[in-house]
Each structure stands twice: as structure tokens, then as C-alpha cells.
Amino acid sequence: MGETEEEKDQAGKLFENFIQASTCKGTLQSFNLLCRLLDLDPQDHETFYCSLKTRLTSWRAKALWTKLDKRTCHKEYKKGQACVGTKCLIIGGGPCGLRTAIELALLGAKVVVIEKRDTFSRNNVLHLWPYTIHDLKGLGAKKFYGKFCAGAIDHISIRQLQLMLLKIALLVAVEFHVNVEFVKLLEPPENQENDGPGWRAEIRPADHPVANIDFDVVVGADGRRNTLEGFKRKEFRGKLAIAITANFVNRNTTAEAKVEEISGVAFIFNQKFFLDLKEETGIDLENIVYYKDNTHYFVMTAKKQSLLDKGVIIHDYIDTEMLLSSENVNQEALLGYAREAADFGTNYQLPTLDFAINACGQPDVAMFDFTSMYASENAALVRERFGHQLLVALVGDSLLEPFWPMGTGCARGFLAAFDSAWMVKRWAEGRTPLEVLAERESLYRILPQTTTENIGKNFEQYTIDPGTRYPNLISTCVRQNQVRHLYINGELP
Ligand code: FAD
């Protein structure tokens, strides 16, 4: 390419900064600098990855290209031609939004992610299923984060996971915009000429360039408070469940390294542990998890009476929202409760239990109500207005909320990301809306039943093709006449 050694050196250094960047902003900045130096435009999504590859030839870069090339070879992507011309908007840059974005980009679609925040600050740790670890390693996870799932470790902080997925997404030419909030869908105007606007998104700030893009596909990946219309939510109401998450500073000392993790103990499996805890501290738990990651992370389900007895909850209300409202929680007592449980759970072996600080500058402890969990009734729908069709889908927590202590969020979230990418591929092939929707809803029926045991064991074979992941798959269990209501030809509500 006629580059001087000096230019190559500089590009190598900028690439290294990008790989090492430890914040969302830092990643975006180093990526922009790199593109500017190489005079490459990530908006040329069809050629960007290949151009970047030929320009970055350090051994570290090459090692990453080898990994990513193996992925891009999946036959489902048709060499990046499967979804050429399809424009996708993803709402939310959490792990599931980013994972979906990567798959759609590999299919050759133009992908735009909007994220309302500009920091990745969640210390909380996600449990990963073996297939997810395999999947992420296949995308070069270890090149971005050397400590990724070393040895028997099967977890990662949400922050690290987002960071790694963002870097991969940028390399495959996903457009990522921070501080942009989705407000609602805008339907195409009536009586327009052929080249008038199609389906667009109302966003904040309103003058952001994303507001002027027409989309063929919109994916809601904005977490449990999904903002897209048309998805009724089913509620699963269990008995009162109050979870506490707590993060403590990990100074990576030898003493800390020796402390054993608790990969999930529930009362029924170790009654003595919980009875001893109660007797010694008054803390009454149903389960507890401890992961040693960037922080010492604990998640536990606490019984209401013990929270009342220990002064964490001030008044007993039947209404859970009132019960856990900030006015009814003694923050100091909550910190004490979490610290005491963590101390007992680790047999008092963690030398210091200083709270990590969260995005708001406060000790990173939170209490959540898990009594109700939500799942969307359907995974996708098609809107049609004045001749323009829009495929709308949900992934991640928006689709199916996980029970955190079980850590199914990411595992099922990624499966839904693959299933959605498969649906977009079908859509781009020109299948009818009802065909596409019936297949998607059939796959969605499987999702809540998935476990580490009943999904395909040959992770090497996993692709976005559902048949590679779900054994004995019948992808026609939902019939086209059962999804007619999801093909909506009319005004937005
Ligand atoms: P999320 O990770 O929730 O990401 C959604 C993204 O969308 C966010 O970045 C958000 O800023 C963005 N967004 C929201 N609305 C808009 C909008 N209108 N426009 C643009 N962007 C928007 N799981 C566990 O297993 N253990 C835990 O301890 C745990 N703790 C959690 C703590 C919190 C506070 C939250 C929110 C979730 C937690 N989870 C936990 C769940 C876990 O984070 C998710 O299962 C996992 O991150 C996958 O989620 P996701 O990508 O679907 O959504």
C-alpha cells in the first residue's frame, strides 16, 4: 500500500490502544483515531473489515483476524452478502444488543446501534454457559481481555463484556452512537414519491444524523424496560423474592486469590450453611453467589423478615414497590447486611471488604424485587405502512427477563440474538412476513426451556442456523395462521 515503516508503526500503536482501551469513550476515541490515520471510513460497511485487515499487519492484529476470519466463513453469512442492502437499528448497547449487531454486520447488513448512556459502568458479574464462553473466545475475547475465563472461571463483569463486544462490533463496521436515546418509531408519510422517507426512529437528540436513516429492521435490546410498541408482556409472579447485589474492591492480593468462589448455593442444597449464617448474624438467605472478577461480586436472595429485623427495610408493606422504595430502605443498614453476608460466605477470608464505587459515585450495593419477572408474548412483528415494511424484534432482557442469581441473562440472550439474526437473513431472502414470523415464534417457544444440558453439545458447529444449536428442532410448531396478528398493516398506536 506504499505505507512507510513509521506509518505502520503508528497504526500498530493506535491499534494497541484500541485493544487495550478500558472505557467506552476511550474505545470510540482510539477507533476514530485509527480510522483517521488509515483514512478508512467505517460507514463503508461492506469493505471496511477487509480494508482494515490489509492495513493492520502486526502479529497481534493478525492473530485477531485469524479468529474473526474463521467466523466470517460461516456459510450462513454468504461471504457477507446474505443481508446486503438491509438497514438495521439496534436500540441499546448492552451485551445482547451488541451481540446481535455483530451477527447482523457479518450477514452484510448496515447496522446502527444507539445507546443512551456513554459509559459502561456495571460491575455486576454474569455467569456464562460453556457455549457462550466458546462463542466469545471464537470472536477473539482473549485478545481483548487476556484474563477472559481463565481456568475454571465462567463469568465476566457486564462492563468488560460490553467493552469486548463493542470492540468486535466496531471492527466489523457496526455504527455505535452513545448519548442517543430511542423515543419511538416514526411511520413513513402518506402520499410520498417513491424515494420518500421510510420507517425512521424518533430519537433524542432530535437533530442527530441517525434520525435521517430509513430502517428495514429494528431490534429492541434496551433491557427490561423495553420501549418498542406492540409487544405485550407476560408476567411470571413467584413468591416474594428480594435480591441484593454487592461489589467490593478486588486488590488482587494473594490472600484474596485464595478465597473460594461460591458458584451458587441454595438453601435446599446446603441447609447448614444458611442456618449457621442465620444463627450467627441474623441474616436469612435463600441463596448466594460469589464471583471473583474485577470486583468481588455477590448476589443473594434475602428473606424479608431478616431485612426487617436487621433494620434494612424500615416498615413492612404488602406492596413491594413501597417496601423497597428508597425512603423505606436504610442504606447504611443495607451496606452492613451485604458486607456481613459476604464476610460469612467467604469464611471471613477476604482481608478488606471495601465497597467498589458505582456510576453514581456511591458504594456499589443494590436491592431489587424479583417477585415478578417479565417475558414478551412474542419475539417479533412486522409493520407495514404505505408500502413500506419494517421487521421489529426483541432480544435480551427486553424479550425474556432472566433470574439474575441463575445468570441466564447472557446465555439465553445470545441464543435469541442468533435466532433474530437468522430471522433477518430469512427476511432478506424474500420470505413472506408470515413465514418469517412463524419460524421466529417457533424458536422463541424453545428459549425459556433451554439449559446447559439440553442445547447442542458441539459448540464448534454453532452458527446462527438454529438447527446447529437446538437438537431435535421442529421450527414449524407455530403455524402461519397463529401469527397473523403480528403482521400489522395500519397506523402505529
Ligand atoms: P442491558 O444489559 O440491560 O442493556 C440495555 C442497554 O440499553 C443499556 O445499556 C441501556 O443504557 C440501553 N438503553 C435503555 N433504554 C434505551 C433507549 N431508550 N435508547 C437507547 N438505549 C437505551 N444479570 C446477572 O446475571 N447478574 C446481575 O447481578 C445482574 N445485575 C444487573 C443489574 C442491573 C442494574 C441491570 C440493569 C441488569 C442486571 N443483570 C444482571 C441483567 C444483565 O445485565 C442482563 O441480562 C444482560 O446485561 C443482558 O442484557 P441486555 O443486553 O438485554 O440489556
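Guide: Asn 270 sits in the loop that runs between strand E11 (262–266) and helix H10 (271–281). The model is a predicted one. Asn 270 has 14 other C-beta atoms within 10 Å. A residue is called exposed at 12 or fewer such neighbours and buried at 20 or more, so Asn 270 is classed as partly exposed. Asn 287 is 17 residues away from Asn 270 along the chain, and the C-alpha atoms of the two are separated by 9.5 Å.

Other loops hold backbone features. Most residues other than glycine have a negative phi, and most peptide bonds are trans. Asp 39 is not a glycine, yet its phi is positive, at about 55 degrees. Asp 39 belongs to the loop between helix H2 (24–38) and helix H3 (48–55). It counts as exposed, with 8 C-beta neighbours inside 10 Å. Asn 472, also not a glycine, has a positive phi of about 50 degrees. Its loop connects helix H15 (433–446) with strand E18 (487–489), and Asn 472 is exposed, having 6 other C-beta atoms within 10 Å. The peptide bond between Arg 204 and Pro 205 is cis, with omega about 0 degrees. Pro 205 is placed in the loop between strand E7 (200–204) and strand E8 (217–220).

For a helix pair, take H5 (residues 95–106) and H8 (residues 158–171), whose axes come within 9 Å and cross at roughly 20 degrees. The two helices are therefore roughly parallel to each other, and the crossing of H5 past H8 is left-handed. On the H5 side the contact includes Pro 95, Leu 98, Ile 102 and Ala 105, and on the H8 side it includes Ile 158, Leu 161, Leu 165 and Ala 169. Arg 99 of H5 and Gln 162 of H8 also take part. By class, the contact comprises 11 nonpolar, 1 polar and 1 charged residues.

As for the whole protein, it contains 15 helices and 18 strands. Its radius of gyration is 24 Å, close to the 23 Å given by the globule rule for 493 residues, so the protein is as compact as a globular protein of that length. The C-alpha trace spans about 70 × 60 × 45 Å along its principal axes. Of the 493 residues, 43% count as buried. Among contacts between residues at least 6 apart in sequence, 71% join residues at least 24 apart.

Key
Residues numbered from 1 in each chain as written. Predicted model: local features only at pLDDT ≥ 70, side-chain atom pairs only at ≥ 80, totals over all residues. Helix = DSSP H or I, 4+ residues; strand = E, 2+ residues; numbered from the N terminus. Rg over C-alpha atoms; globule rule 2.2 N^0.38 Å. Contact = placed C-beta atoms within 7 Å. Axes fitted to C-alpha atoms, helices over the stretch in contact; angles between N-to-C directions. Parallel < 35°, antiparallel > 145°, perpendicular 65-115°, else oblique. Left-handed = near helix turned anticlockwise from the far one by under 90°. Nonpolar A, V, L, I, M, F, W, Y, C, P; charged D, E, K, R; others polar.
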